[in-house]
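Work through the exercises below with the sequence and the coordinates open. Each task is followed by a solution in steps.

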Amino acid sequence: MAKIKLLGISGALREGSTNRTLLREAARLIGEADYTEANLNLPLYDGDSEEASGIPASVVALAKQIAEADAVIISTPEYNKGLTGVLKNALDWVSRVEGSPWANKPVATMSAAAGRAGGERGQVMLRECMHAFSPKFVHGPEIAVAASFEAFDEAGHLKGELYEKNLTALMEKLRAAV
């Protein structure tokens, strides 16, 4: 199995977010990979600021990480029935960088949330927002971890055979898409 360069993007900024935990579990299950997590602690997009100061170095760095990755995994919670502002802001900023770092990039999406739908709406909205960037989405099985605050054990592994089986299958599809 060849080692791939895998970038994880969490729609939550909190270090202890279950979406970060889910990303790390996905990275473990994909097998041999150099895994990096992106930093989405970016300034809010503002066209006036961009015109006055250009694109922030943190945004350029994120776009470079996306471009250089063999594959990207994105996990987002659902905030008020949609994707998070921090994730939408990152997508908006990266769209301003020259080139198309998302074009034909293998991307798998997933979600973890406290509610019983597991962030499914946020994940659907994420895909819709990214559609214009032409990534190569890896489809199914869908991963939407419900009651995420109790879905992981102390080591950060998913509890329950079905979640792990489905996440492993998704990561196998992502690896094959590289």
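**Exercise 1.** Determine whether Asn104 is buried or exposed, and find its place in the chain.

Solution. Step 1: buried means under 20% relative accessible area, exposed over 50%, and partly exposed in between, with a 1.4 Å probe and protein chains only. Step 2: the relative accessible area of Asn104 is 61%, so Asn104 is exposed. Step 3: Asn104 sits in the loop between helix 4 and strand 4 (106-112); helices (H or I, at least four residues) and strands (E, at least two) are DSSP runs, numbered from the N terminus. Step 4: the phi of Asn104 is near 60°, positive although the residue is not glycine. Most residues other than glycine have a negative phi, and most peptide bonds are trans.

The model is predicted: local features need pLDDT of at least 70 and side-chain atom pairs count only at pLDDT 80 or more, while totals for chains, interfaces and linings use all residues. Residues are numbered from 1 along each chain as its sequence is written, and side-chain values use heavy atoms, with hydrogens and water left out.

**Exercise 2.** Explain why helix 4 is largely enclosed by the rest of the structure.

Solution. Step 1: helix 4 covers residues 85-94, and seven of its ten residues are buried, so the rest of the structure largely encloses it. Step 2: the buried residues are Val86, Leu87, Asn89, Ala90, Leu91, Trp93 and Val94. Step 3: their cover includes strand 1 (4-10), helix 2 (47-53), helix 3 (57-68), strand 3 (71-76) and helix 5 (120-130).

**Exercise 3.** Characterise the largest cavity by volume and lining.

Solution. Step 1: on a 1 Å grid over the protein atoms alone, a cavity is a set of points where a 1.4 Å probe fits but cannot get out, and lining residues have an atom within 4 Å of a point. Step 2: points are joined across faces, edges and corners, and the volume is the space filled by probe spheres set on them. Step 3: the structure has one cavity of 30 Å³ or more, and the largest cavity holds about 40 Å³. Step 4: its lining consists of Ile9, Leu62, Ile66, Ile74, Leu87, Ala90, Leu91, Val94 and Trp102. Step 5: helix 3 and helix 4 are the elements that give two or more residues to this lining, and helix 4 provides the largest share, four residues.

Terms used:
Contact = heavy atoms within 4.5 Å. 1 Å grid on protein atoms, 1.4 Å probe; cavity = no way out; pocket = protein on both sides within 12 Å on 5 of 7 lines; lining within 4 Å.
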